[in-house]
Amino acid sequence: MNAKTQKLVHADKKYIWHPFTQMLDWLEADPVIIESGDGFYLIDTEGNRYIDGVSSLWCNVHGHRVPKIDQAIRNQLDKISHSTLLGLGQTKSIELAEKLIKILPQGLEKVFYSDAGATSVEIAIKMAYQYYRNRGEKSKKKFIALTESYHGDTIGSVSVGGIQTFHRIFGELLFQAEFAPSPHQYRFDGDDDQCRQFSLDKIEEILRNQSENIAAVIAEPLVQGAAGIIVHPAGFLAGLRELTRKYGVLLIADEVATGFGRTGKMFACQHEDVSPDIICLAKGITGGYLPLAATITTTEIFDSFLGEISEMKTFFHGHTYTGNALACAAAIANLELFEENKVIESLPPKIRLIDEYLKRIENLPNVGNVRQKGLMAGIEIVKDKITRESFSYEKTIGAKLCSAMRLKGAMMRPLSDVIVLMPPVAIDLTTLKNLLDIVVETIENDLPEIIKNA
Ligand code: PMP
């Protein structure tokens with residue numbers, strides 16, 4: 001470790017509390033400190049280069065230090081970095097909203113900005129709740145969510161979250177939501193069709209019994225990312241849309257992780273021609289550059305908030321940095337790059353390459369299941385391939401495997417024992433192949449030793 005790294009590590013350990021990190025482990029470890037980026041690589045203070053295998057937590061799209069996005073931010077710096085959207089307009093937020101509406105599923109027409117995935121979900125929840133209050137339907141105030149879903153870490157988004165490891169501790173602080181089983185085929189006794197139908201039937205049962213009390217169903221369309229890249233059986237989302245229409249409740253699609261090309265189309269909803277009532281966007285919206293989020297809804301929902309001041313229909317929600325101009329400028333450049341570089345059109349060979357590798361990986365010892373939708377993939381490591389029994393949480397097999405990959409030049413982060421593969425959407429085939437080679441090689445050669453020593 002060079003002197004500069006030593007100094008930084010010392011100061012980091014002294015001053016910083018890292019998210020989702022057991023700090024006792026951190027304090028005992030030799031952490032990597034990232035100093036710069038170069039295309040699809042991260043570079044640490046020792047000069048080591050790592051392929052950004054999880055897109056800097058699922059948000060990077062075109063790589064790091066992308067000239068066009070860098071320039072867009074610089075240009076905006078010369079104008080203004082931030083001014084509030086509370087009672088004021090701002091050029092970049094308008095330009096971005098117009099661009100978003102053009103590419104989103106039809107019917108989504110009103111953009112409410114914020115700055116994180118979790119806030120975009122909080123806003124969706126409050127919007128749906130107040131929509132029914134504005135209409136005088138005061139009993140419609142509950143939400144249906146899927147087990148193992150993840151919508152962010154604020155109290156509202158945790159209330160509709162179903163990942164017990166993260167959420168159990170905060171149980172008493174949460175509002176009550178109804179949970180229906182996630183269609184998770186690997187953990188379901190039956191085929192894809194039965195798995196999809198089982199979940200839809202459970203949701204219908206809740207709706208049949210209490211639709212007059214339900215405001216909305218919230219779901220991550222197609223892929224439940226944080227649950228371990230659970231890929232829903234085809235038709236589940238369309239089924240959800242049908243049910244929500246049939247029983248007169250709203251559908252909130254949380255595309256925070258799936259949006260902006262991750263699943264092979266611009267938005268996951270487009271795979272099943274679904275237009276939700278509310279969509280949540282964040283992460284990739286700025287190409288992974290700056291914190292920005294958007295909750296976009298229909299004119300019908302928007303119109304229900306119109307009224308005299310005295311009617312108290314105003315949406316009383318906002319954040320200081322809502323619609324930040326630098327972030328909006330980055331987001332506009334991000335969307336332009338999607339078009340100029342034909343990013344979506346270039347995805348099929350990359351998706352096929354991942355699929356080919358996953359087929360090989362699936363046959364390796366202790367690989368229980370591989371799951372993929374577009375450029376989102378999960379490799380689940382299990383103790384027993386036949387019974388599908390997992391390793392105990394404390395053994396941290398996934399984390400150890402990712403540490404071994406890091407030593408070979410791939411920056412990865414697991415979800416328990418699911419190795420997540422989520423490269424930047426615009427990654428080139430050669431870098432993607434290098435990343436996949438590291439992943440397969442580590443599972444093949446290092447995993448047996450990791451298991452033996454765990
Ligand atoms: N929703 C989904 C589906 C997510 O995957 C995430 C983050 N992983 C969030 C919401 C929360 O986003 P943020 O971390 O920006 O608050």
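Predicted model: local features only at pLDDT ≥ 70, side-chain atom pairs only at ≥ 80, totals over all residues.
Which residues does H18 touch, not counting residues up to four places away in sequence?

View 1. H18 touches D12, M23 and W26, with residues up to four places away in sequence not counted. The loop that holds H18 runs between α1 (3-15) and α2 (23-28). From H18 to E46 the separation is 28 residues in sequence, and their C-alpha atoms are 21 Å apart in space.

**View 2. Packing of helix α13 with helix α15.** Two packed helices are described by the angle between their axes and the distance between the axes. For α13 (residues 347-362) and α15 (residues 429-445), the axes come within 11 Å and cross at roughly 10 degrees. Angles under 35 degrees count as roughly parallel, and α13 and α15 are therefore roughly parallel to each other. On the α13 side, the contact involves P349, K350, L353, I354, Y357, R360 and I361. These meet L429, L432, K433, L436, D437, V439, V440 and I443 of α15. By class, the residues of this contact are eleven nonpolar, no polar and four charged.

**View 3. The second largest pocket.** This pocket holds about 600 Å³ of space. It is lined by 25 residues, of which L85, V111, F112, Y113 and F302 are the closest to its centre. Two or more lining residues come from each of α5 (91-103), β4 (110-114) and α11 (299-303). Strand β4 gives the largest share of the lining, four residues. The lining of the second largest pocket divides into 14 nonpolar, nine polar and two charged residues.

**View 4. A salt bridge between R196 and D193.** Side chains of opposite charge can pair when their charged atoms come close. The R196 and D193 side chains form a salt bridge with an N to O distance of 3.2 Å. Both residues belong to helix α9 (residues 192-210), and because they are three residues apart there, about one helical turn separates R196 from D193. Across the whole structure, a search finds 21 salt bridges.

Conventions: Residues numbered from 1 in each chain as written. Heavy atoms only, no water. Axes fitted to C-alpha atoms, helices over the stretch in contact; angles between N-to-C directions. Parallel < 35°, antiparallel > 145°, perpendicular 65-115°, else oblique. Contact = heavy atoms within 4.5 Å. Nonpolar A, V, L, I, M, F, W, Y, C, P; charged D, E, K, R; others polar. 1 Å grid on protein atoms, 1.4 Å probe; cavity = no way out; pocket = protein on both sides within 12 Å on 5 of 7 lines; lining within 4 Å. Points joined across faces, edges and corners; volume = space filled by probe spheres on them. Salt bridge = Lys/Arg side-chain N within 4 Å of Asp/Glu carboxyl O.
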